[in-house]
Amino acid sequence: MASTRDVLIAGGGIIGLSLAVELASEGLSVTVIERDRSMRGASWAAAGMLAAEDPHHPAGLLPLARLSRQLYPEYLATIERLSQMHVPLRTSVALQQSDESQNAVTVERFAPGLRSQNFELIEEASLDPRDLCSALPMAARKAGVEIIEDVAVAGRRSHAGRVRAETAAGEFDARWFVDCRGVFSEGEIEPRKGQMLMVALEPERLSCVVRTPHVYLVPRGDGRVVIGATVERGVRDTVVHEDALAGLIAHADALLPGIAAAKRVDSWAGIRPGTPDDLPLIGATADTDCFVASGHFRNGILLAPGTARVMSQLLCGRVPDVSLDAFSPLRFAAVRR
């Protein structure tokens, strides 16, 4: 006989685990099934910018992005309380390239030697996702969430008013099923590979995020600077290619001279889950009692608290804080008809 719970979440990345913690706070029993190790996919590979006001976001993303940014202090406090692990914000402002010319004194304060002055200074925090990768699974377990790793969901079906998921480890029965599997989710999900690297600079060289359409620099506060990232549509492998990194370094060095000569600390690649319109899939599917929260592309870290909140409200029968119409998992089927 399948074991039972209120909610079964497929996917142990930042979206799935954040939702699990939120649902557990509502008194629901939650199991998360992860095909690999928790927080080892796109969450682990992310840069960690909480870029709610990035002008390159689709307009429909803004309400959810702003809600999520508003929730972040509470979200981090909850994770730290449960896990007893500190997840610090590494920066508090960003220089976003724009048509406006920022005061040179301001640029020099945060990024001495930055060549272009066409930047807008915005209040925008960043964190190191690796901190969340350590703390969030611990927080979820402390909240009472069951996490089952190295097990993939092979299929599911409705059965006697509940949803039954099939895995190599047996069947799991739940009132609701939520697909948070990222690039492995069902529906209109497109893999988008991103390669990036980290270099070591003097800490005073850069104390804020610098972002252009071609490259971003994300300091970790201790001299380490993340440089990213490629966007390779339809590519699922995580192989790092030297020519791709060389292109990122060239763009970064053109902004902040000296980066090309800096010591390389690390390089890696991740696979982001994208959608045709760059908006996530959040809401009910065509299958009874089955939902999806996936397809967050480059914004999984930013959107995790907001997605967890609105999905929890939806499952608990409350009106979500922001409309989910733009994120309907059924929107592409409607277009095809």
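Predicted model: local features only at pLDDT ≥ 70, side-chain atom pairs only at ≥ 80, totals over all residues.
Okay, cores to begin with. The largest nonpolar core runs to 55 residues, and I9, I14, V30, L132 and V178 have the most contacts inside it. Helix α3, residues 62–83, gives this core its largest share, nine residues. There's also a second, separate core of 25 residues, with V107, L197, L201 and C208 among them.

Now the rings. We've got two aromatic pairs. For W44 and W268, the centres are 6.4 Å apart and the planes sit at 65 degrees, which is over the 60 needed, so we call that edge-to-face. W44 is in helix α2 and W268 is in strand β14, 224 residues apart, so to speak a link between distant parts of the chain. W268 is buried, because its relative accessibility is 5% and the cut-off is under 20%.

The other pair is Y72 with Y75, centres 5.2 Å apart and planes at 75 degrees, so edge-to-face again. Those two are in helix α3, three residues apart, about one turn, and both are buried.

Then we have charges over rings. The charged end of R35 sits over F184, 4.0 Å from the ring centre, and that of R192 sits over F297, at 4.6 Å.

Last one: E108, in helix α4. E108 is partly exposed at 41%. A polar atom of its side chain lies 3.0 Å from the backbone nitrogen of G113. Leaving aside neighbours within four places, E108 contacts G113 and L114.

Terms used: Residues numbered from 1 in each chain as written. Heavy atoms only, no water. Helix = DSSP H or I, 4+ residues; strand = E, 2+ residues; numbered from the N terminus. Buried < 20%, exposed > 50% of the residue type's maximum accessible area, 1.4 Å probe, protein only. Contact = heavy atoms within 4.5 Å. Polar contact = N/O pair within 3.5 Å; in protein donor to acceptor, adjacent residues only side chain to side chain. Core = buried A, V, L, I, M, F, W, Y, C linked by side-chain atoms within 4.5 Å. Phe/Tyr/Trp six-rings, centres within 6.5 Å; stacked < 30°, edge-to-face > 60°. Lys NZ or Arg CZ within 6 Å of the ring centre and 35° of its normal.
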